[in-house]
Amino acid sequence: MIFTFILIGLFTKLLTVGNIGSGFVWLSTQLGITGSDFVVFTFIASTIISMGTGAPIAAVFAVVPIFYPPGIMLGAKAAVLVGAILSGVFFGDAMSPSSQVINTTIDTQDP
């Protein structure tokens, strides 16, 4: 678990230092994507990132600094954007074969 958080922290820092949020804003303005369209993109991207991490809290720490500021800059409503992030993270975790929650549930069941 600690190793997962370390890797997610490194990944998040790399994306934050690389200013990926500004890249999302630039690309969205070039493609004409509005705040509500970005919310849908955020949900899908959060789901994919969460499926890869296997830990929903680590995915939240990775996704919020990447997608929240650009979403607000593009005009998305804050509550809807946060809802898309959390929904995407927990949906991706439920679909992930490496989910800690799913593996713990399976391990605690009687044979």
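Student: What share of the 111 residues in the protein chain is buried, and what makes a residue count as buried?

Tutor: Buried residues account for 35% of the 111. A residue is called buried when its relative accessible area is under 20%, exposed when it is over 50%, and partly exposed in between, using a 1.4 Å probe and protein chains only. The model is predicted, so local features need pLDDT of at least 70 and side-chain atom pairs count only at pLDDT 80 or more, while totals for chains, interfaces and linings use all residues. Residues are numbered from 1 along each chain as its sequence is written, and side-chain values use heavy atoms, with hydrogens and water left out.

Student: Why is Ile72 called partly exposed?

Tutor: Ile72 has 36% relative accessibility, so it falls in the partly exposed class. Ile72 belongs to helix 4. Beyond four places in sequence, Ile72 touches Ala78 and Leu81, where contact means heavy atoms within 4.5 Å.

Student: How is Phe5 classed, and which residues does Phe5 contact?

Tutor: The relative accessibility of Phe5 is 29%, so Phe5 is also partly exposed. Phe5 sits in helix 1 (residues 2-17) and, leaving aside neighbours within four places, contacts Ile57, Ala58 and Phe61.

Student: How many helices and strands does the protein chain have?

Tutor: There are six helices and zero strands. Helices are DSSP runs of H or I with at least four residues, strands are runs of E with at least two, and both are numbered from the N terminus.

Student: Why is helix 3 called roughly antiparallel to helix 4?

Tutor: The axes of helix 3 (residues 35-53) and helix 4 (residues 56-73) cross at roughly 160° and come within 10 Å. That angle makes the pair roughly antiparallel, because angles over 145 degrees get that name, those under 35 are roughly parallel, 65 to 115 roughly perpendicular and the rest oblique. Axes are lines fitted to C-alpha atoms, for helices over the stretch in contact, and angles between N-to-C directions run from 0 to 180 degrees. Residues in this contact include Phe38 and Phe41 of helix 3 and Val63 and Phe67 of helix 4.

Student: What makes helix 3 roughly parallel to helix 5?

Tutor: Helix 3 and helix 5 (residues 78-95) pack at about 30°, with axes 7 Å apart. The pair is therefore roughly parallel. The residues of this contact comprise ten nonpolar, seven polar and one charged. Here Ala, Val, Leu, Ile, Met, Phe, Trp, Tyr, Cys and Pro count as nonpolar, Asp, Glu, Lys and Arg as charged, and the others, Gly among them, as polar.

Student: What handedness does the crossing of helix 2 and helix 4 have?

Tutor: The crossing of helix 2 and helix 4 is right-handed. A crossing has that name if the near helix is turned clockwise from the far one by less than a right angle, and is left-handed if anticlockwise. Helix 2 (residues 20-31) and helix 4 pack at about 35°, with axes 8 Å apart. Ile20, Gly21, Phe24 and Val25 in helix 2 meet Ile66, Phe67, Pro70 and Met73 in helix 4. By class, this contact has seven nonpolar, one polar and no charged residues.
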